[in-house]
Amino acid sequence: MRALALFSGGLDSALAMKLIIDQNIEVIAVHIDMGFGGTNDKKEYLQNLCDQIGAKLEILDLRKEFLDEVLFTPVHGYGKNFNPCIDCHGFMFRYTSKLLEKYNANFMISGEVLGQRPMSQKKESLDIVQKLSGQEDLVLRPLSAKLLSPTKPELEGWVDREKLLDINGRNRQTQLRMARRIGLKGFDEPAGGCLLTMPDTSARIRDFIEHDKMDVDDIDIVKFGRHLRLPDGAKLVIGRNEADNLSLETVKSQKFYRAKIKDAIGPFNMLSQNASEADKALATKLIITYGKTEDEKIYTVDFGEFEMQGVKFQTKEVAAKYFILQSS
Ligand code: SF4
């Protein structure tokens, strides 16, 4: 017997895999990258957990499919922010189910817990997700299985239902006890969802698609920096710190100029390629304002294809009215 697991990298999915591995079933942990899972490279982290649990790790890049099929057109709507959790879970199961044959696997599991999340883990939502998977009877949730209808793996005796759990709700004591018992180390505290559940990221995505089409290479830009929308419609992103600057430099999107102050220390910045002359001039002043610059001195900002000169605003408060979210 072999199972494919939806492996987010969280404690719950790790424990769900452990429950199945303990029944002498091989588990392949499928981690789906949809682009909004976090800003750090998680490969090492995921591998560490899989090694401890005894699962093989597979990482699938489905960022394009997620943008095309789910993010902007979720049939079951969004949660509090830009998180289409029900459709997202269904999407993950649907793509994982396509791998059943490739890996000669018999069923799928996830770390979903009944009642843990307000939108996606109510009983009705779990049922919807199961249907969306396209392989309804092959979806097993080991952590809450005893509270749900028996699935084919249980009915066929592939899995001993008695050894599965009946966890319900948001209290995570059972999971933490289990992690201690098996000696699992190095797992992240549950963060409550991906970046799509964050108000800042959600506001930036909303703003982005109001002005442009979001492609895979644009995903990373909504994760870093201060985001400003200038009067003629250009987007300006200004790095907040060294980590932001380094991350913005790796963004692949071709829709932006990359800009830095030439004659002073300052942040890394990105400006829409279709910026008007007025927006370019304003961006130049704003970029200089966020650099280590002196009042009334003229500086040059290098936008790659052109350069512009300007002086700083006397206060950063001028920038506030262009922030996409006040907290930026
Ligand atoms: S929190 Fe993010 S990754 Fe998790 S189900 Fe919701 S949208 Fe998908």
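Visitor: How many salt bridges are there between domain 1 and domain 2, and what makes a pair count as one?
Guide: The count between domain 1 and domain 2 is 0. A pair counts if a side-chain nitrogen of Lys or Arg is within 4 Å of a carboxyl oxygen of Asp or Glu. This is a predicted model, in which local features need pLDDT of at least 70 and side-chain atom pairs count only at pLDDT 80 or more, while totals for chains, interfaces and linings use all residues. Residues are numbered from 1 along each chain as its sequence is written, and side-chain values use heavy atoms, with hydrogens and water left out.

Visitor: What makes Glu69 and Arg94 a salt bridge?
Guide: Their closest N and O atoms are 3.3 Å apart, and the limit is 4 Å, so the pair qualifies. Glu69 is in helix α3 (residues 63–71) and Arg94 in helix α4 (residues 85–97), 25 residues apart. Helices here are DSSP runs (H or I, at least four residues), numbered from the N terminus. The structure holds 20 salt bridges.

Visitor: Which residues belong to domain 1 and which to domain 2, and how are the bounds known?
Guide: Domain 1 is 2–192 and domain 2 is 198–320. The bounds come from an automatic or database domain assignment.

Visitor: How many residues of domain 1 and domain 2 are in contact, and what is called contact?
Guide: In domain 1, 11 residues are in contact with 13 residues of domain 2; contact means heavy atoms within 4.5 Å.

Technical notes
Helix = DSSP H or I, 4+ residues; strand = E, 2+ residues; numbered from the N terminus.
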